[in-house]
Amino acid sequence: MFNFFWGVFFVLVNFALFLACYRLLGKNGLYAWIGAATVLANIQVVKNIEMFGIAMTLGNTIYTTIYLTTDLLNEKYGEKEARKAVWFGFFTMLMSLIMMQMVLVFKPGTEDFAQESLETIFGLMPRIALGSVAAYFISQFLDVKIFSRLKKAYPGRGQLWIRNNGSTILSQMVDTLVFTSIAFIGEYSWEVWWEIALTTYVLKFVISVASTPIIYIARSFKFKEES
């Protein structure tokens with residue numbers, strides 16, 4: 001039960017830091033959050049935990065906040081800003097993957113103690129790295145497009161929960177299928193692959209629903225430079 005209660009606290013901390021980043025830095029804070037979240041999600045995903053006897057990886061919580069961020073940008077600043085944020089996150093993810101792979105190629109010195117740990121964290125198999133980049137690129141642009149269409153169909157301020165959850169739930173399903181297909185099909189049996197895909201999506205779904213009050217709070221923030 002420790003992992004469950006610590007996980008709930010972990011989710012709340014992620015949400016609190018997201019709100020603090022936006023409150024303190026405004027729209028720039030949302031771009032900063034996406035840059036940090038794309039890198040941290042790829043680091044956290046290498047850690048496996050168990051919760052209620054089910055094996056899962058970390059990284060889903062902060063990765064889900066990326067959808068929260070682009071939805072907030074779309075809601076307050078428009079689709080163009082949300083698309084720009086997706087490209088920003090894509091470049092940050094690609095840049096970090098390329099640079100850290102190059103770092104690993106350097107021959108470590110005799111006193112070096114970090115090479116093995118860095119290889120564990122950043123030495124991702126090519127399929128996992130490709131799956132991560134492809135899933136992000138496809139699902140994030142899909143999320144922006146769906147949110148924009150839902151914004152036209154359900155424009156009311158009180159209908160934000162429809163726009164947020166509708167776009168995120170669908171795009172995260174695509175994200176999960178793309179990532180697990182590229183990364184794990186052929187590596188595991190279909191039964192294991194299905195379990196990984198299902199548990200990953202369910203966790204993202206739960207966190208996405210839990211984030212609904214957060215986007216309402218964030219939308220209420222007002223900044224002098226934007227008035």
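**Helix packing and the core**

A: In this predicted model, α1 passes α3 in a right-handed crossing.

Q: Which residues of α1 and α3 make the contact?
A: From α1, F10, V11, N14, F15, F18 and Y22 take part. α3 supplies T61, I62, T65, L68, T69, L72, K76 and Y77.

Q: How do they divide into nonpolar, polar and charged?
A: Nine are nonpolar, four polar and one charged.

Q: And the geometry: at what angle do the axes of α1 and α3 cross?
A: Roughly 35°, with the axes coming within 11 Å. α1 covers residues 2-25 and α3 residues 60-77.

Q: Is α3 largely enclosed or open?
A: Largely enclosed by the rest of the structure, because 16 of its 18 residues are buried.

Q: What follows α3?
A: G78, with a positive phi near 105°.

Q: Now the largest nonpolar core. How many residues, and which have the most contacts inside it?
A: It has 46 residues. F18, Y22, L72 and Y136 have the most contacts inside it.

Q: Which element gives the most to this core?
A: α6, with eight residues. Elements giving two or more include α1, α3 and α6 (126-153).

Q: Back to F18. What is in contact with it, leaving aside neighbours within four places in sequence?
A: L30, W33, L68, T69, L72, I214 and A218. Of these, L68, T69 and L72 are also in α3's side of the contact with α1.

How values were computed
Residues are numbered from 1 along each chain as its sequence is written. This is a predicted model: local features need pLDDT of at least 70, side-chain atom pairs count only at pLDDT 80 or more; totals for chains, interfaces and linings use all residues. Side-chain values use heavy atoms; hydrogens and water are left out. Axes are lines fitted to C-alpha atoms, for helices over the stretch in contact, and angles run from 0 to 180 degrees between N-to-C directions. Helices (H or I, at least four residues) and strands (E, at least two) are DSSP runs, numbered from the N terminus. A crossing is left-handed if the near helix is turned anticlockwise from the far one by less than a right angle, and right-handed if clockwise. Contact means heavy atoms within 4.5 Å. Ala, Val, Leu, Ile, Met, Phe, Trp, Tyr, Cys and Pro count as nonpolar, Asp, Glu, Lys and Arg as charged, and the others, Gly among them, as polar. A nonpolar core is a set of buried Ala, Val, Leu, Ile, Met, Phe, Trp, Tyr and Cys residues joined through side-chain atoms within 4.5 Å. Buried means under 20% relative accessible area, exposed over 50%, partly exposed in between (1.4 Å probe, protein chains only).
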